[in-house]
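Here is a friendly walk through one protein model, written to be read with the structure open beside it. Have a look at the chain first, then read on.

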Amino acid sequence: IILFFAPWFVYNFYLSGNPLTSVADAYAENVKFRDYIKMPFSFSDVLEVSGYYILFFAFGIYKLFINRKFKKMDILMLAVLAISLFSYNTIPIKTARYLFNLTLPLVYFSAVWINKMKMWRWITLLIIIVNFSLASFDFTKLESRGIYEEVVSKTDGCMIKSNVWPLINYLGRASEPFPGKEEIAADINNGTRIIL
């Protein structure tokens, strides 16, 4: 674990003089300064992250508790599952992307179930085919970049906040995420251009 995190600590220390700078930044951005936002736990986000794996996951958990033979890895994956759900539940802004860490226990317990089945190779092949099929339907073509270039050119070099901030950053202009409704008036008064 230390070898895994060492480059991260060294990078933070080199950049800022503190090895935990990015941890503090993430906490400040997502928890400390977002206390005005209160979102309830969303089971639809959990379903969005887990997809149809939720069935395999449920069978894997069921199999684990029926056998009652817990290996170290089983306990570790249960801990990752609990920490992921706890972390998601405690942050003010609850979106599906904050459940990314849930994928590891989902895949692990799904594999526990699939490996117990006689035709596991065929089931694994079917899962791969279904995943590629579903992914191919989800590709969306972005609008012409000319639309964004035209709007950005009208901002007179001012700071930009937008709901398409990654695309604007890609064009070479610094942009931040769209502010909450409590911050809009102050941002406009400070000269920030808001693009929707």
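The report below covers helix packing and salt bridges.

## About the model

This is a predicted model, in which local features need pLDDT of at least 70, side-chain atom pairs count only at pLDDT 80 or more, and totals for chains, interfaces and linings use all residues. Residues are numbered from 1 along each chain as its sequence is written, and side-chain values use heavy atoms, with hydrogens and water left out.

## Helix H5 against helix H6

Let's start with two packed helices. Helix H5 covers residues 72-90 and helix H6 covers residues 103-115; their axes lie 8 Å apart, at an angle of about 140°. That angle makes H5 oblique to H6. Axes here are lines fitted to C-alpha atoms, for helices over the stretch in contact, with angles from 0 to 180 degrees between N-to-C directions. Angles under 35 degrees count as roughly parallel, over 145 as roughly antiparallel, 65 to 115 as roughly perpendicular and the rest as oblique. Helices (H or I, at least four residues) and strands (E, at least two) are DSSP runs, numbered from the N terminus.

H5 passes H6 in a left-handed crossing, meaning that the near helix is turned anticlockwise from the far one by less than a right angle. Which residues of H5 meet H6? On the H5 side they are Met73, Asp74, Met77, Leu78, Val80 and Leu81, and their partners in H6 are Leu104, Pro105, Tyr108 and Phe109. Contact here means heavy atoms within 4.5 Å. Nine of these residues are nonpolar, none is polar and one is charged. In this scheme, Ala, Val, Leu, Ile, Met, Phe, Trp, Tyr, Cys and Pro count as nonpolar, Asp, Glu, Lys and Arg as charged, and the others, Gly among them, as polar.

## Helix H4 against helix H6

H6 also packs with helix H4 (residues 53-67): the two axes come within 7 Å and cross at roughly 65°. H4 and H6 are therefore roughly perpendicular to each other, and H4 passes H6 in a left-handed crossing. Residues of H4 in this contact include Tyr53, Phe56, Phe57 and Gly60, while those of H6 include Pro105, Phe109 and Trp113. The contact divides into 12 nonpolar, two polar and one charged residue.

Ala111 has its place in H6 and is partly exposed, at 31% relative accessible area. (Buried means under 20% relative accessible area, exposed over 50%, and partly exposed in between, with a 1.4 Å probe and protein chains only.) Although Ala111 and Gly60 are 51 residues apart in sequence, they are 7.5 Å apart in space, C-alpha to C-alpha.

## Salt bridges

How many salt bridges does the structure hold? There are three, each a side-chain nitrogen of Lys or Arg within 4 Å of a carboxyl oxygen of Asp or Glu. One joins Glu150 and Lys154 at 3.6 Å, N to O. Glu150 is partly exposed, at 46% relative accessibility, whereas Lys154 is exposed, at 58%.

Lys161 takes part in a salt bridge with Glu176 (3.8 Å, N to O). Glu176 lies in strand S2 (residues 175-177) and Lys161 in strand S1 (residues 160-162), so this pair ties together parts that are 15 residues apart in sequence. Lys161 also meets Asp187 in a salt bridge at 3.0 Å, N to O. Here the link runs from strand S1 to helix H10 (residues 184-189), 26 residues apart. Both Lys161 and Asp187 are buried. Shared partners join Lys161, Glu176 and Asp187 into one network.
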